[in-house]
Amino acid sequence: MCGIVGYIGTEEAAPILLEGLRRLEYRGYDSAGLAVLDPEQGLQVAKAKGRLQVLADLTGQGQKLTGHMGLGHTRWATHGAPSDVNSHPQVGQKGRIAVVHNGIIENFLPLKEFLLKQGKTFRSETDTEVIANLLEYYYEQENDLMKAVRLTLGRIEGSYALGILCADRPDSMIAVKKDSPLIFGFGEGENFIASDVPAILPYTRSVVYLNDGDMVVFTKNAAQFYDANGTPVRKAPEHIE
């Protein structure tokens, strides 16, 4: 199973993401990647086939990617062979939206055909790049990231846990879940998402297990949860012993 880690706070994100991914190595993977967002540097992406150490060496143990929010991912190849370009995060054509994804999008081929007709181009063989480009397509139309996410979720079929970064939103990120595990972790001046608890145990033991259809929009200091209908909901955190 693939692994997801997301962080937003006051510390440099990349070293925290790498450590979280190391704690998820037991899930197995064939490639890994990071996307880190900084208001000045923009969206920075690094990806590598092979062991996580290859990515760590490529990024100077994360020091080459600057920014206080980001997403990390370890991938088992499903759509597309293991390679640098097929690794996650996947980025929309214009480089403004980055996505990490666990699961399988069953209708990605007709969606890809639709997006090609809209002028979108693709670099990878993955179903995840279809999500990134579909998000970008709706974001360009609506100029509203949450609405773009909702419209995208209404089109995709299959299973997913998603972490979403947008270069136009350098203080928040979005995560959604359906049929693939995803948790949210509450910190002090920092918040997290992860596929499993071990990834974030060094930083927090206060977590919420997301239900199918849940979405969370979060900054370093706050989180707003929504149910499958888009209704805001409150979720009480659980304490992990």
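Mentor: Helices α3 and α4 pack at an angle of about 45°, with their axes 10 Å apart. Axes are lines fitted to C-alpha atoms, for helices over the stretch in contact, and angles run from 0 to 180 degrees between N-to-C directions. This is a predicted model: local features need pLDDT of at least 70, side-chain atom pairs count only at pLDDT 80 or more, and totals for chains, interfaces and linings use all residues. Residues are numbered from 1 along each chain as its sequence is written, and side-chain values use heavy atoms, with hydrogens and water left out.

Trainee: What does that make α3 relative to α4?
Mentor: The angle makes α3 oblique to α4. Angles under 35 degrees count as roughly parallel, over 145 as roughly antiparallel, 65 to 115 as roughly perpendicular and the rest as oblique.

Trainee: And which residues make the contact?
Mentor: F108, L111, K112, F114 and L115 of α3 meet D127, V130, N133, L134 and Y137 of α4, where contact means heavy atoms within 4.5 Å. By class, this contact has 7 nonpolar, 1 polar and 2 charged residues. Here Ala, Val, Leu, Ile, Met, Phe, Trp, Tyr, Cys and Pro count as nonpolar, Asp, Glu, Lys and Arg as charged, and the others, Gly among them, as polar.

Trainee: How many aromatic pairs does the structure hold?
Mentor: There are 8 aromatic pairs. One of them joins F114 and Y137, edge-to-face, at 5.3 Å centre to centre and 90° between the planes. F114 lies in α3 (residues 108–117) and Y137 in α4, so the pair ties together parts 23 residues apart in sequence. Rings of Phe, Tyr and Trp (its six-membered ring) pair if their centres lie within 6.5 Å; planes under 30 degrees apart count as stacked, over 60 as edge-to-face and the rest as tilted.

Trainee: How do α4 and α5 cross?
Mentor: The axes of α4 and α5 (residues 145–153) come within 8 Å and cross at roughly 130°. The two helices are therefore oblique to each other. I131, L134, L135, Y138, Y139 and E142 of α4 touch L145, K147, A148, V149, L151 and T152 of α5.

Trainee: New topic: what is the strand order in the open sheet?
Mentor: Its 7 strands run β5-β6-β7-β8-β12-β13-β14, with antiparallel pairing. The edge strands, β5 (90–91) and β14 (232–233), each pair on one side only. Two strands pair if DSSP finds at least two bridges between them. Helices (H or I, at least four residues) and strands (E, at least two) are DSSP runs, numbered from the N terminus.

Trainee: Where does α4 lie relative to the strands?
Mentor: Helix α4 (residues 127–142) lies across β5, β6 (97–102) and β7 (160–166), at about 140° to β6.

Trainee: And what stands opposite V216?
Mentor: F225 in β13 does. Strands β12 (residues 215–218) and β13 (residues 223–226) pair in the antiparallel sense over 4 bridges.

Trainee: What about β9 and β10?
Mentor: Strand β9 (residues 183–186) pairs with β10 (residues 191–194) in the antiparallel sense over 4 bridges. G185 stands opposite F192 in β10, while its bridge partner in β11 is V207. In the hairpin of β9 and β10, G189 takes a positive phi near 70°.
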